[in-house]
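Morning, everyone. Please have the sequence and the model open while I talk.

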Amino acid sequence: MGGYILKRLISAVPVLLGITVIVFAIMALIPGDPATAILGSYATPENVARLNRELGLDRPLVSQYFIWLGNLVQGDFGRSFALNRPVLDEVLERFSATLVLAGAAFVLCALLGIAAGVVSAARQYGAADKAITVAVILGISVPSFFLGMMMILVFAVRLRWLPVSGMYEIYGGGDLRDLLRHLAMPALALSVVATGVIARLTRAAMLEVLRQDFIRTARAKGVGEGRVIWGHALRAAMVSVIPVLGIQAGFVLSGAVYIEIVFQWPGIGRMLVDAILKRDILLVQGGVVFVAACYVFFNILVDVAQSVLDPRIRT
Amino acid sequence: MRLFLKLLARNRLAVFGAAVLGVIVIVVLLVPLLPLADPDVTSTGDRFQRPFSAGHPLGTDHLGRDLLSRLLWGTRLSLAVGFAAAVIAGTIGAGIGVIAGYFGGRVDNVIMRGVDMLMAFPYILLALAIVAALGPGLMNALIAVAAVNVPFFARNIRGITVGIAHREFVDAARLSGMGHGRILLSEIVPNVLPVVVIAMSTTIGWMILETAGLSFLGLGSQPPHTSVVPGVMILLIVMSINLLGDGVRDALDPRLRSGALSRPMAATLVDRDTVPDAQGPGLLAIDGLRTEFRVGPRLYKAVGGVSLSLAPGECVGLIGESGSGKSVTALSVMGLVASPPGVITGGAVRLEGEDLIGAPYARLRSLRGDRVAYIFQDPLATLHPLYRVGDQLAEAIRVHHAVSREAAAARAVKLLADVRIPNPEARARAFPHELSGGMRQRVGIAMALANEPEIIIADEPTTALDVTVQAQILSLLDDLRRERGLAILFITHDFGVVGQLCDRVAVMYAGRIVEEGRTEEVLASPAHPYTKRLIACVPELGGGRRWLEAIPGLPPAVDSLPEGCAFAPRCAKADDACRTGEIALAGDGRKVRCLKPEVVA
Ligand code: SF4
C-alpha cells in the first residue's frame, strides 16, 4: 500500500512539471506587457524598461521559466502587482473559499447522484426511473451560471429566502449558520451537472452489476432485496463509480469559476478571471499551478481510495 | 439501418429531442430570411423594453437592441460554434488517438503522457488561459473550447484503435506489405469513424455549454432578466441534443437491443394460468414446469414441461447438453431465473406440498438458502469479489438467524473447516480472488451448508475445475450428503459424475426429460438412443467434455423445436412416426420418451 502511494506520487512529478511548462508558455503568449500594465499607459519607456529589468522580464524566456520554477519549488510564488501582496497568501485564502463551495457541491452531487442512480436502476423502466432520467437530462443540459442566476431571481430576489451573493454578511455575520445560508444556492447550482452525470453513470454501473452471478448468489442465500441492491450491488458498482467521482470533482472545481462569479463568492476562480483580465501574470501562473497541483493530488487520492475499495487492484 | 431507425423511433424522449432540435435548426437556417430587426442596431430610446412591446416581441436589452432578433441570431451562432468546435476537437483528437493507438509503444507513451497532463488541468482554467492569450471574441472561445476537448477525444479513440489494430484484417494488411498510411486510411479510419461521429454529435451540446460559459465570463455580469430567454434557449438546444444523442447511442448498443441490459428482478416472473393438482409425496416435487425466455418478439421455451421429484436424502442427477434447459430447471425452483427475460409459464414446484412458484417473494426469500440452498458453477463469478469469504458465509447465516456478529463469524470458520479447508481462520479473512479454484468451490459449498438446508441444488459445481479437484469436490459432497442426510439435485453434463454420486438420473434434451431411472440401470442399459450415445462416449470421470463432439449434429434451438421427437434429426433410428405427434414419457420408475427404445423399460 505504502509502496503504491509512493509510486503514484513519483509519477506525479513529471505531470506537475509539464503543467508548469504549459502555464508558463501560455502566459508568455499573452499579449500585453506586464510592466505597462503595472505602470499604466502613461509610463515612460525608460520606466517600463527599468521595471522589466527588475522583474527579470528582459531575460530569455527559458531562464525566466527556470527562475520562476526555482522559486516555486521553494514555496515562493512571487508577488501580485495588482493586489500588492504575496501570490501564495492570496491563493491560499481564495482557494479555501473555493474548497468550501466545491466541497459542499461535491458532497451533494456524490450523495444525490449515487442515490438517484441506484433508485433508477432498481426501478428500471418504472416511474421513478423515468422521472430521474428526465431530471438528469435537464440537469446535464442547463448552463450552471444560468441556473445560478435563476435561483437568485427566485429564491433571493422574489422570495427573499436566501442572501443574493457573497460568503458572509458584511455586518454581523460570520458564524456557521450565516455561511450555510450563503452556501446553499451556489453549492446546489454547482452540483447539478455533476449530480446528473453521476446518477446516470451509477445507474449504468448498477445495471451491469445486477446481472452478475454473485448477485444471484446473494439472492440464493436469501439476502433481502434492499440489501442486495444497496449492499452487494452498490458495493461492486462503486468500483466504477469512484473514478467518475474523481473526474466530476475536477469538473466541480472548474465549474466553480462560473458560480463564484454569479454569486460573488470570494473564491480562486473569480480571482483568476480577474487576474487574467488584469494581466496579473504571476497571480495567474501561481493560481493555476496551485489548482492543477491540488487536482493532480486529488486524483492520486481517488486512485488510492479505489485500491482500498477493490482489493483486486492491489495485487 | 432500418432497425436502428425503428429502435430510435421507439424511444419517445429521443423523438422529442429530435423534434425540438429539428424546429430550432429550421428556424435558425431561416433567420436571414425572416423580417427581423438588425440584432446589432442600438437605440438609446428603446432601452429595456418589456416583452410584447410594439416591434420587439421579446423586448430590448440595455442598449436598446431587439432581443428576439439577438436571440435567433445568437442561437444560429451558438449552434454553428458548437458544431465547429465538436468537429475540430473530434478531428484533431481522433487523429492523435488513432496514431497513438495504431503505432503503440513509445509513440503511444509520449502522446498519452501529454494527454494525461492536459487532462490534469481543470479545463476552464485552460480555456480561460487560451482566451487570455488569444484575446476575447467568439472565434477564440471556439478555439479554446475545441483545444480543451482534444484530449478527451484522443483518449477515447485511442482505446478503440488499440482494439482494432490487433484484429486479423489489420495483421493481414500488414503482412501483405501495405504501408502504415494505407492501413490507417483503408482499415483503421473507416472502423473508427462511426465512433468518432457519435462522440462528436454527443459532445456538441457540451461544446455549446462551454462556449456559452466562456462568453459569460468574458462579458462579465449582465442584468439577469435579459439572460432568461437565451438561457432557456441554450437549455433547450443542449437538452434536445443530449436526448437525441442518448437515443442514438442506445439504439446502437447491441446489448440494449437484446434486452441483456435489463436488470433481473428479485424473483422470476410467473405467468401461469393453471396450477397442477398436488400429487405424489417427496420432499421436492417439480411438476410440469415450463420456463420461457421472452426476448423482444421471440420466445425461447427453455423448459417445456419437466417433472421430477426428490426424496429426503436422495441424490438425483439432471444431465444434458448445454442449452438443454437443465440449469433453467434448477434455477426455476427458487425463482432465480433472470427475469426479464425469464418467465415461468406453467407447472408447480412443491416443497413438502407448498407451491413455490406461486409463493410471494417474502416467503421465497425466507426459504432460499435456509431450506433449499444452491451451489453454482464458477465460484469466481458467483462469490462477491469485494467481500471476505468469512463475511459472505456469516451473512448467509445472519439473513436467516438472529445471531451475533461474533457467533456468525465463528460459525463461518467452522463451516470452512467442515468443507476441509485447511487453516480456516486465516482463509475466512481472504477475498475470493486470493483462493484457488478448488478452495473457492469449497467456500461455495460451505455457504450452501450454512443453514443446514434439507435440499442442495448443485448447478454444475465441478465443471470449472480440473479433474483432480473435481474428484475431491465430488467426494466431499458425497460425504456431506451421507453425514447430513442432504437431498441433492445435481445438474451436470457428465455421466461420469452422475455415476459416482447419484441414486437416480434424469436425462434432458431440448427442454424435456427423455429418460429417467435408477443410475445403475440407466448406465447399464440406456433406453433412449440419446442416452445411449451419451454413455457410450464417456471415457472416464471428468472427461465428459468430449462427448459433445461425439454425437453428430447439434441440439435443436429451443425456439424452433421440430414436431414429434426433438432428437429425430440426430437419431439413427428415426422414421416418419418419430416426426409426428407428441411422444409421451412412458413407464413407471424407469421412464423413456421414445417410440423405439433400445431396451423395453
Ligand atoms: S422417438 Fe424416434 S427419433 Fe426419437 S429417439 Fe426414439 S427412435 Fe429416435
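Two strands pair if DSSP finds at least two bridges between them. Helices (H or I, at least four residues) and strands (E, at least two) are DSSP runs, numbered from the N terminus.

Now the ground rules. This is a predicted model, where local features need pLDDT of at least 70, side-chain atom pairs count only at pLDDT 80 or more, and totals for chains, interfaces and linings use all residues. Residues are numbered from 1 along each chain as its sequence is written, chains are lettered from A and ligands numbered from 1 in the order in which they are written, and side-chain values use heavy atoms, with hydrogens and water left out.

First, the two chains. Chain A has 13 helices and 2 strands. Its C-alpha atoms fill a box of roughly 85 × 55 × 35 Å along the principal axes. Chain A has 315 residues, and 51% of them count as buried. Buried means under 20% relative accessible area; exposed is over 50%, and partly exposed lies in between, with a 1.4 Å probe and protein chains only. Chain B holds 22 helices and 12 strands. Of its 601 residues, 51% are buried.

What about contacts? Contact means heavy atoms within 4.5 Å. In chain A, take the contacts between residues at least 6 apart in sequence: 71% join residues at least 24 apart. For chain B, among contacts with a separation of 6 or more, 69% are between residues 24 or more positions apart.

Next, the sheet in chain B. In what order do its 7 strands run? The order is S7-S8-S9-S4-S10-S11-S12; the sheet is open and the pairing is mixed. The edges are S7(B), residues 372-375, and S12(B), residues 591-592, each of which pairs on one side only.

S7(B) joins S8(B), residues 455-459, through 4 bridges, and the two run parallel. There, Val372(B) is opposite Ile455(B). S8(B) and S9(B) are parallel too, over 5 bridges. In that pair Ile455(B) faces Ala487(B) of S9(B). Then S9(B) pairs with S4(B), residues 315-319, in the parallel sense over 5 bridges. Val316(B) stands opposite Leu489(B), and the bridge partner of Leu318(B) is Ile491(B). Finally, S4(B) joins S10(B), residues 504-509, by 4 parallel bridges. Ile319(B) has Val507(B) as its partner there.

Is S9(B) buried or exposed? It is largely enclosed by the rest of the structure, because 6 of its 6 residues are buried. In a regular strand the side chains alternate between the two faces of the sheet. In S9(B), Ala487(B), Leu489(B) and Ile491(B) lie on one side, Ile488(B), Phe490(B) and Thr492(B) on the other, and all are buried. S4(B) is also largely enclosed, because 5 of its 5 residues are buried. Cys315(B), Gly317(B) and Ile319(B) point one way, and Val316(B) and Leu318(B) the other.

Let's zoom in on one residue. Ile488(B) sits in S9(B), residues 487-492. Its relative accessible area is 1%. Leaving aside neighbours within four places in sequence, its contacts include Leu310(B), Val316(B), Ile456(B) and Leu477(B).

On to a loop. Leu465(B) lies between S8 and helix H18 (467-484) of chain B. At 11% relative accessibility, Leu465(B) is buried. Apart from neighbours within four places, it touches Gly437(B), Gly438(B), Gln441(B), Gln470(B) and Ile473(B).

Now a helix. H14(B), residues 389-398, is largely enclosed, because 8 of its 10 residues are buried. Among them are Val389(B), Leu393(B) and Ile397(B). Which helices do the buried residues of H14(B) pack against? From chain A, helix H9 (213-221) and helix H10 (225-262); from chain B, helix H15 (405-418), helix H16 (424-428) and helix H17 (437-449).

Last, the ligand. The residues around it, with a heavy atom within 4 Å, include His528(B), Pro529(B), Phe567(B), Cys571(B) and Leu595(B). This shell has 10 nonpolar residues, 1 polar and no charged. Here Ala, Val, Leu, Ile, Met, Phe, Trp, Tyr, Cys and Pro count as nonpolar, Asp, Glu, Lys and Arg as charged, and the others, Gly among them, as polar.

That's my tour. Questions, please.
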